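Let's talk through the aromatic rings in this structure and the terms used for them. Here is the structure to look at.

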Amino acid sequence: MKAFLYFLSTGLLLALAWPTYGFSPLIFVAFVPLLLIAEKKVLEGKTGFPFFMSVYFSFLIWNFIATYWLYYSTAFGMLFAVLVNSLLMTLVFFIYSKIYTKLNFLASATFFICLWLSFEQLHFIWDFSWPWLSLGHVFSETTSLIQWYEYSGVFGGSLWVLIVNFTIFKSVLLFKKFKDRSILYRLALRLVLFIGLPILASFLIKPDLKASSHLETIALQPNIDPYADKYALTDADIKDLLLELSEPYIEPGEKQLFLAPETVFASGTQWSDFEVSQANYFGNQILKKNPQAEVLYGISAYDLIHRKPDLTLQSNFLKEGLWYNDFNSAVFQSANSPAEFYHKSKLVVGVENFPYKGILQPLMGDIMIDLGGTVATKTTQENRDVFNVEETEAVAPIICYESVYGEYVTDYVKNGATLLTIITNDAWWGDTQGHQQHWSYAKLRAIETRRAVARSANTGISGFIDRDGSVISKTKYDEKTAISAEVPLYNEMTFYVKYGNVIPRVAQFLALFIFLFAVTRRRG
C-alpha cells in the first residue's frame, strides 16, 4: 500500500500542476515520489511487469485528468491518446530504471532527462504527434516566470522541471542515508538558485510593450454549436451571421483586420467555385464597405481528381475513377489583390489524418473510420505562408492545432510574420479544460516569438495576447460576440525563432551516448 501511494502521488501532483486549473509549482516535486519508489524497486530487483504497470498507473492518472475532455470530441481519440501516451511515458521511465545501477547518479539523472526530452521532441515531429503534455507547457498560466522561453522554447521549461525534481530526489536519498540536516539546508540553497535564478532572469529580460505600429483587429466569435448547427446551417446563414457581427466594427478608410474561425464556412466549397461562394461574398462585403480592410477566415474546401497520376498519399477515394483532396484552409482577402490561401498542415491525429497512411492503411483498411476517426485525410502544404497586410507587415495564418507547435510557428515569423493570428474551433470539447488550455498555450507562442497573438475561436476563447504572454482582452466561452483591439506589431527575431529547439537536439545525442556507454561498459 505504501508503494501504491508513491505511484499515486506522482500522478496526482502532475495533474494538479497542469493549467489552467492547477498550481504549477507542484510540478517541481511531481516526479520525486516516483523516482524514490523506483530507486527502491531497482535495488530490490523488482522492476518486472508489476513495476511497469504501477508506473503506467501514475502517468495514466495525469493523462486522464489533464486531457479527459478529448472524450467530448471523440471517445476513441481520447482513449488512444491517454492510453498510448501514458505507455510511451512509462517506457521512458522503464528504460531509465533498467540502466540506473549501471551508472552513477549524475549520469543516470542526465540520461533520464535527455531521454524524456527526446520523447517530447518525438511528439512534435512524428505522425502520432501529441505534444499537449510537454512539461514546459505547465507554465502557460504563469508566464511572468518563463520570459526566457524566447531563448529555449517550452523545452527549456521541461529541462527546468526535470533538473529541480532530480535535485530534490538526490537530497532526499542523501538525507535518508545520513540523517544530516545540513543536507536539507544545502537543498534549500540549491532550490533558491535553481528555481529563483530563472525567475529572476525572467523579470530582467521581460520586454517592454511599445510597438512602432498597431493594427486594429476584430476577432469574430459566431458561437456555432458544432454538433447541432455547424453542418445544419448553410454557408449563406454563416455569411449573414458573420456580417452581423462585423457590421458595428467596420470603419471606412481605417486599416483593419477581420478574423473569423477555422472552417467557419463548413459546407465544403470546391476551389474552382470559390469566386461564386458565400465565403468569398462575405469577404467582399466587408471590403466593399472598407477597402482598407483585410479579412482572414477558415473554410472547408476540396479539389476533385480524375487522373491517377495526380494522386498523393493525402488524396481520398470517392468512387471509381474519382478522388478528391480535402482541405482545412485559411482564406485571406484584401481589396487590391486576389484571395490567398493557406492549408492547415499540422493535423489532428486520427481526425484529420491517417498516421503513416501508406503503410498502415493497406494493413488496417478503414479501421480509423470504423472507430470514429478519420473520414478524409486533409491535404497539407510545405511552406508556412504569411499574408501581407502592409509593405513590411504580415500575419501568420495559424489554424487550430498548429498553435501547439512552437518551432513550427517560428517558420511563419522567419517568413515575415509580425502578428500571429490563430483561427480555431474549440467548441468540440464543450466547456472543459480543452479550450482553456488551448488558449493558454497561445501565450507561450507569443513569448517564444515575441509576437502579439490575435485569436478567433468559434466559441471562447477569442482575444488578444501581447508578446510577453499578457492578455490584452478576451471573450467568454459560449457567447456570440466580436472583440476588437489595437494589436501591436513587432519585428525583432528571438534566439528561439532563429535556432529552434536546440535543447532536444543536444538531448538526443547525450541520451544515445549515455545509453551506449551504460550497456557496453564493463564493471569491475
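Q: How many aromatic pairs does a search of the whole structure find?
A: The search finds 54 aromatic pairs. Rings of Phe, Tyr and Trp (its six-membered ring) pair if their centres lie within 6.5 Å; planes under 30 degrees apart count as stacked, over 60 as edge-to-face and the rest as tilted. This is a predicted model, where local features need pLDDT of at least 70, side-chain atom pairs count only at pLDDT 80 or more, and totals for chains, interfaces and linings use all residues. Residues are numbered from 1 along each chain as its sequence is written, and side-chain values use heavy atoms, without hydrogens and water.

Q: Why is the pair of Tyr71 and Tyr72 called edge-to-face?
A: Their ring centres are 6.1 Å apart and their planes stand at 80 degrees, so the pair is edge-to-face.

Q: Why does Phe80 count as partly exposed?
A: Phe80 has 33% relative accessibility; buried means under 20% relative accessible area, exposed over 50% and partly exposed in between (1.4 Å probe, protein chains only), so Phe80 is partly exposed. Phe76, at 26%, is partly exposed too.

Q: How do you know that the charged end of Arg467 sits over a ring?
A: The charged end of Arg467 lies 4.1 Å from the centre of the Tyr490 ring; the term asks for NZ of Lys or CZ of Arg within 6 Å of the ring centre and within 35 degrees of the ring normal. The charged end of Lys170 likewise sits over the ring of Phe105, 4.7 Å from its centre.
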